[in-house]
Amino acid sequence: MTTPPLVSPFGGQPPPQQQQQQQQQAQAARDVNTASLCRIGQETVQDIVLRTMEIFQLLRNMQLPNGVTYHPNTHQDRLGKLQEHLRTLSVLFRKLRLVYDKCNENCAGLDPIPPEQLIPFVEDDGSKHEDRSGGQSRTASEERREILEVNKKLKQKNQHLKQIMDQLRNLIWEINSMLAVRS
């Protein structure tokens, strides 16, 4: 006995539920998570670095035909490997460009967040208490500006102290030289 061929009651088309599932799967394939794309991009960059290292290894081992006897078959084999690596590298760079463009497309509607707000700062207990008592928190950029101002003042004070120390050293040297002349 042979089984009759399966014919869909929808005229050769898959049932509507299956069509919806296929459309959803296709949509999901198009809307890949940006984090996954970044991971794919990272792996692609690692592949590019690996292939580039292999290319340099091949070039280092390849002998130039400068009058030295060499084996043409070995040379052609290495040249073929080198060309294959270069083609693969070209494909990897195109893949990286596609991933980059897709990530930029996915992130186009997002508001850029300044990196200062993404980095948590470690605060001492006194400054936390002051912030709580004031009821007002300072932004990271204001804190950074304050730190830069304090560092600038500190450098000025250090420069002034250095000048005073140099003057004292010169004064002591003059006093010692005058005492040495008198004795």
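Reader: Which residues does H85 touch, leaving out those up to four places away in sequence?
Author: H85 touches R51, E54, I55 and L58. Contact means heavy atoms within 4.5 Å. The model is a predicted one: local features need pLDDT of at least 70, side-chain atom pairs count only at pLDDT 80 or more, and totals for chains, interfaces and linings use all residues. Residues are numbered from 1 along each chain as its sequence is written, and side-chain values use heavy atoms, with hydrogens and water left out.

Reader: Why is H85 called buried?
Author: The relative accessible area of H85 is 14%. Buried means under 20%, exposed over 50%, and partly exposed in between, with a 1.4 Å probe and protein chains only. At 14%, H85 therefore counts as buried.

Reader: Where is H85 found?
Author: H85 is found in helix α3. Helices are DSSP runs of H or I with at least four residues, strands are runs of E with at least two, and both are numbered from the N terminus.

Reader: What makes Q83 partly exposed?
Author: Q83 also lies in helix α3. Its relative accessible area is 40%. That value falls between the 20% and 50% limits, so Q83 is partly exposed.

Reader: How do you know that the span of α3 agrees with its number of residues?
Author: The expected span is 1.5 Å times one less than the number of residues. For the 35 residues of α3 that comes to 51 Å. The end C-alpha atoms are 51 Å apart, so the span agrees.

Reader: What does the check give for α2?
Author: Helix α2 covers residues 34–61, which is 28 residues. At the start of α2, a side-chain oxygen of N33 comes within 3.2 Å of the backbone nitrogen of A35. A polar contact is a pair of N or O atoms within 3.5 Å; within protein, one must be able to donate a hydrogen and the other to accept it, and residues adjacent in sequence count only if both atoms are side-chain atoms.

Reader: Which residues of α2 and α3 are buried?
Author: In α2, they are L37, G41, T44, I48, I55 and L58. In α3, they are H75, L82, H85, T88, L89, L92, V99 and C103. The buried residues of α3 pack against α2. In turn, what covers the buried residues of α2 includes α3.

Reader: What makes up the largest nonpolar core?
Author: Seven residues: I48, I55, L58, M62, L82, L89 and L92. The elements giving two or more residues to this core are α2 and α3. A nonpolar core is a set of buried Ala, Val, Leu, Ile, Met, Phe, Trp, Tyr and Cys residues joined through side-chain atoms within 4.5 Å. L89 is in contact with I48, R51, T52 and I55, leaving aside neighbours within four places in sequence.

Reader: Where is confidence lowest, and where is it highest?
Author: Helix α5 (residues 125–134) is lowest, at a mean of 49, and α2 is highest, at 91. These are pLDDT values, the predictor's confidence in each residue, from 0 to 100. The chain averages 78, and 70% of the residues score at least 70. Over residues 132–136, pLDDT stays under 50, and the model has one contact there beyond four places in sequence.

Reader: How many helices and strands does the chain have?
Author: Six helices and zero strands. Of its 183 residues, 10% count as buried.
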